[in-house]
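Please examine the structure shown below.

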Amino acid sequence: MTKRVNQVNQVNAVCNERRMQELALLDENCILVDINDKVIGSASKADCHRVDENGHVKLHRSFSVYLFNTNGDMLIQRRSKHKITYPNLFTNTCCSHPLYDIEGEREEKDVLGVRRAARRKLNQELGIPMDQIQLADLTYLMRMHYHDSGNGDWGEHEIIHMLILQKDFDLNPNPSEIAEVRYIKRENFQRDILALPVPLTPWFHLIFKNQLKFWWDNLDNLEKFKDPHTIHHLADHTKLKMKN
């Protein structure tokens with residue numbers, strides 16, 4: 001009985017520690033932007049994800065990384081149950097924010113700030129060694145303006161910079177951030193993703209429905225999907241597939 005109690009106490013201690021780590025991240029300052037993705041200030045991650053009484057969330061800058069190995073398999077993750085927003089859902093490889101307080105992550109030229117933030121989070125969340133990630137490995141495709149009110153308390157309102165990365169990496173996922181990782185093969189990927197035991201995050205679901213197939217089938221020829229100047233909105237998803 002004593003052994004069982006000790007085991008429960010250890011589990012609770014680990015859960016509390018991971019929850020505290022997640023809460024500490026809410027103090028980080030994200031980059032507030034207008035609808036044209038121009039920087040207008042900063043706010044804490046908590047303030048950037050809090051839904052107000054009208055269902056609105058502050059618009060801020062973010063990124064989403066879609067990582068494929070050299071066999072063409074895509075890495076997805078299941079978010080930790082300790083996450084404040086969208087806990088325990090499956091999502092793409094890595095999604096987070098460049099931070100206002102890190103000067104290099106505010107740099108606009110060649111999307112360097114976003115790329116640096118992606119490199120930092122790939123290390124923090126997935127444990128990929130920094131020396132294995134080169135900024136040039138991250139292919140910037142497009143931006144998407146996205147809003148979701150989440151559970152009514154915590155939601156998203158972001159201009160997301162979409163990044164593709166194809167390379168083999170050493171992984172050591174951070175359990176405070178990630179509950180599970182798995183590679184999905186291109187063959188029957190729609191069936192396999194829809195068969196996952198829990199739902200997808202809303203942003204991943206949008207890309208899964210409207211864009212992922214076209215990126216996946218053209219990993220060796222992504223130039224035709226690059227659209228750095230347009231900010232696509234949800235109503236514009238039919239325009240995302242390829243530039244004319």
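Strands S3 (60-68) and S8 (156-166) run parallel and are joined by nine bridges. Strands here are DSSP E runs of at least two residues, helices are H or I runs of at least four, and both are numbered from the N terminus; two strands pair if DSSP finds at least two bridges between them. The model is a predicted one, in which local features need pLDDT of at least 70, side-chain atom pairs count only at pLDDT 80 or more, and totals for chains, interfaces and linings use all residues. Residues are numbered from 1 along each chain as its sequence is written, and side-chain values use heavy atoms, with hydrogens and water left out.

S8 is largely enclosed by the rest of the structure, because 10 of its 11 residues are buried (under 20% relative accessible area, 1.4 Å probe, protein chains only).

The structure also holds two cavities of 30 Å³ or more. A cavity is a set of points, on a 1 Å grid over the protein atoms alone, where a 1.4 Å probe fits but cannot get out, and lining residues have an atom within 4 Å of a point. The largest cavity contains about 250 Å³ of space, a volume being the space filled by probe spheres set on the points. It is lined by 23 residues, of which Arg79, Lys83, Thr85, Cys95 and His97 are the closest to its centre. Elements giving two or more residues to this lining include S3, S8 and helix H1 (2-25).

Notes:
On a 1 Å grid over the protein atoms alone, a cavity is a set of points where a 1.4 Å probe fits but cannot get out, and a pocket is an open set with protein on both sides within 12 Å along at least five of seven lines; lining residues have an atom within 4 Å of a point. Buried means under 20% relative accessible area, exposed over 50%, partly exposed in between (1.4 Å probe, protein chains only).
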